[in-house]
Amino acid sequence: MDCPFTKFNVIWQKALENSTLIQKSAACISTIDADGFPQSRYVDLKSADNNGFIFCTYLDSNKGHEIQHNPKVSLTIWWDHIGKQIRVVGEAEQISEQSATEFWHTRSRDAQLTTTSFNQSQALSCESELDTRFELIKQKMQGHEIPKPDNWGGYVIIPLSIEFLTFKESRLHLRELYQSKNEQWQKSLLQP
Ligand SMILES: Cc1cc2nc3c(=O)[nH]c(=O)nc-3n(C[C@H](O)[C@H](O)[C@H](O)COP(=O)(O)O)c2cc1C
């Protein structure tokens, strides 16, 4: 049985090499809100290995609260230039503080400043507040390393299923479904 994580990484690498996109690793994460509605948004996929799919965010954002309430999530990617759709369904768990700190250090200074300046998903009084809050923190932190805020971290999505769709113009898509059963992957094909 081929490993879906290896398969994912081969496809991801191919997607990165041939991509003209600026945000090359955007993935759509769906959570379930308190009223039972799905909520979807893009995040930057950080890594994918046998442990799962990692993204970083504010732990107290809307998505953070939704995951705390219901860890069942999905991740969806469409890479148009190589004709691949990938759908992951699983449960999200918070990554360790140490891993989160490592990811924090890979971020640009501007991204660190933005994260430090705002409370994600809270109301903003007006557009100009974006610049004023950012500039305030920028001045304050000049010459200092920016520490990771306690409310910023990441989640690993531990998959129960991963589906790879190879798009065909004829709509004769190849759909390969991997399902985790008793810690083993089982592969099946689905009609297009
Ligand atoms: C291409 C792209 C990448 C993004 N990457 C992230 C990310 O890695 N982490 C994050 O918290 N938000 C990211 N965002 C913003 C989210 O889409 C979203 O607006 C934000 O996380 C708030 O979502 P929430 O209110 O549902 O928690 C990204 C947006 C786009 C368009």
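Phe5, Phe8, Trp12, Phe53, Trp79 and Trp185 form one aromatic cluster, and the structure holds 9 aromatic pairs. In one of these pairs, the ring centres of phenylalanine 8 and tryptophan 79 are 6.0 Å apart and the planes meet at 45°, so the pair is tilted. (Rings of Phe, Tyr and Trp, the last by its six-membered ring, pair if their centres lie within 6.5 Å; planes under 30 degrees apart count as stacked, over 60 as edge-to-face and the rest as tilted.) Because phenylalanine 8 belongs to helix 1 and tryptophan 79 to strand 4, this pair ties together parts that are 71 residues apart in sequence. Helices (H or I, at least four residues) and strands (E, at least two) are DSSP runs, numbered from the N terminus. Phenylalanine 8 is buried at 0% relative accessibility, and tryptophan 79 is buried with a relative accessible area of 2%. Buried denotes under 20% relative accessible area, exposed over 50%, and partly exposed in between (1.4 Å probe, protein chains only).

The model is predicted: local features need pLDDT of at least 70, side-chain atom pairs count only at pLDDT 80 or more, and totals for chains, interfaces and linings use all residues. Residues are numbered from 1 along each chain as its sequence is written, and side-chain values use heavy atoms, with hydrogens and water left out.

Helix 1 (residues 4-17) also contains alanine 15, which is buried with a relative accessible area of 1%. Beyond its neighbours within four places in sequence, alanine 15 is in contact (heavy atoms within 4.5 Å) with Trp79, His81 and Ile82. The C-alpha atoms of alanine 15 and glycine 83 are 9.4 Å apart, although 68 residues separate the two in sequence.

Helix 2 (residues 62-69) has Lys63, Gly64, Glu66 and Ile67 buried. Viewed down the axis of helix 2, its buried residues fall within an arc of 165°, so they line one face of the helix; the arc is taken over the directions from the helix axis to the C-beta atoms. Gln68 and His69, on the other side of helix 2, are exposed. The elements against which the buried residues of helix 2 pack include strand 1 (26-32), strand 4 (72-79) and strand 6 (152-166).

Arginine 175 is placed in strand 7 (residues 174-181) and is buried, with a relative accessible area of 17%. Its side chain is joined to that of glutamate 163 by a polar contact of 2.7 Å. Such a contact is a pair of N or O atoms within 3.5 Å; within protein, one must be able to donate a hydrogen and the other to accept it, and residues adjacent in sequence count only if both atoms are side-chain atoms.
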